[in-house]
Amino acid sequence: MIPLSWYMSLSAILFAIGVCGFLTRRNLIMMFLSIELMLNAVNLNMVALSHYLDSMRGQVFTFFIITVAAAEAAIGLGIAITLYRSRKTVHVDEVNQLKG
Amino acid sequence: MFTYLFFLYCAVMIVGTGLLAITMRNPVHAVLMVLVLFFHMAGLYLILGAEFLAAVQIIVYAGAILVLYLFVLFLVSLRDEVKMDRFVTSAWLGRIISVGLGVSLIAMLPTFVLGQKGHWPMAEVIKATHTKALGMEMYTSYILPFEIAGLILLIAVIGGLVLAKHDTPTTIEKS
């Protein structure tokens with residue numbers, strides 16, 4: 001039986017990778033992809049905890065997280081398309097109209 | 001023994017492809033790396049005894065969401081993307097923050113205490129099959145969150161349509 005802490009460490013590392021991608025990439029679409037990595041890290045944590053706690057609660061919650069991730073991808077990519085249409089760019093450091 | 005090897009293989013692949021995905025120059029290659037990552041995540045779900053979630057992971061994440069990402073990548077221009085700088089100017093700050101976050105998350109792990117055990121031990125799940133167990137839990141205790149998830153999907157459909165729609169008056173005149 002694999003210790004629970006291995007799963008949680010892997011999940012923490014994957015979450016940190018997602019945060020790193022979100023904070024460093026310029027492309028808006030790559031930032032959304034990093035959010036998917038973070039959501040997957042949380043999903044892995046939930047499923048592992050649900051397995052080790054003999055409970056179904058975490059897996060049900062994972063199901064809802066997948067739903068929200070699909071909705072987030074649809075809306076976020078719609079925003080990316082709208083941004084590209086109006087500004088001809090998807091780089092976040094070029095969208096600085098509100099910067100003082 | 002085999003489970004340990006499989007877990008280590010999946011863990012190495014997940015961390016490696018994750019790192020490649022956030023550093024690769026071409027966004028299409030990054031999306032394909034994330035595809036490999038999702039397949040290995042489904043493998044981890046399988047050794048955790050969650051077959052239905054592994055199938056949903058492959059169908060929804062790898063099959064639908066990543067294809068959506070690829071479509072949008074093709075809609076925006078990629079030509080200049082491979083030549084430009086792919087990181088923001090303050091990228092080192094983000095790297096420091098994320099490494100600190102990862103180290104502190106792992107350092108907090110030994111203080112974690114497992115909570116109360118639930119009503120679904122592995123033997124019960126295997127006896128009822130995983131899909132049935134998940135469905136029994138979802139359609140009884142979690143029926144209201146399930147309805148709300150449906151509402152969120154409806155809002156996402158409407159929002160996606162509204163955001164991606166051309167609303168310039170010239171297109172109406174042409175047609």
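These notebook entries record what I looked up in a predicted model with chains A and B.

**Entry 1. Confidence in chain A**

I began with the confidence values, given that the model is predicted. Chain A has a mean pLDDT of 91, and 100% of its residues reach 70 or more. I then compared its elements: α1(A) has the highest confidence, at a mean of 95, whereas α3(A) has the lowest, at 91.

**Entry 2. Fold and dimensions of chain A**

I looked up the secondary structure next. Chain A contains three helices and zero strands, and its pattern along the sequence reads α-α-α. For the overall dimensions, I noted that the C-alpha atoms fill a box of roughly 50 × 25 × 20 Å along the principal axes. Of the contacts in chain A with a separation of 6 or more, 47% are between residues 24 or more positions apart.

**Entry 3. The largest nonpolar core**

Which residues have the most contacts inside the largest nonpolar core? I found Ile29(A), Leu33(A) and Tyr45(B), in a core of 65 residues. I then listed the helices that each supply at least two residues of this core: α1 (4–24), α2 (28–52) and α3 (57–87) in chain A, and α1 (2–23), α2 (27–47), α3 (51–75) and α6 (130–140) in chain B. The helix that gives the most is α2(A), with 14 residues. I also noted that the core lies between domain 1 (1–79) and domain 2 (120–167) of chain B, because both domains give residues to it.

I returned to chain B, for which the domain assignment gives domain 1 (1–79) and domain 2 (120–167). How far apart do the C-alpha centres of these two domains lie? I recorded 21 Å. Four residues of domain 1 of chain B are in contact with five residues of domain 2 of chain B. On the domain 1 side, I sorted the touching residues by class: two are nonpolar, one is polar and one is charged.

Key:
Residues are numbered from 1 along each chain as its sequence is written. Chains are lettered from A and ligands numbered from 1 in the order in which they are written. This is a predicted model: local features need pLDDT of at least 70, side-chain atom pairs count only at pLDDT 80 or more; totals for chains, interfaces and linings use all residues. A nonpolar core is a set of buried Ala, Val, Leu, Ile, Met, Phe, Trp, Tyr and Cys residues joined through C-beta atoms within 7 Å. A residue is buried if 20 or more other C-beta atoms lie within 10 Å of its own, exposed if 12 or fewer, and partly exposed in between; C-beta atoms are placed from the backbone. Helices (H or I, at least four residues) and strands (E, at least two) are DSSP runs, numbered from the N terminus. Domain bounds come from an automatic or database domain assignment. pLDDT is the predictor's confidence in each residue, from 0 to 100. Two residues are in contact if their C-beta atoms, placed from the backbone, lie within 7 Å. Ala, Val, Leu, Ile, Met, Phe, Trp, Tyr, Cys and Pro count as nonpolar, Asp, Glu, Lys and Arg as charged, and the others, Gly among them, as polar.
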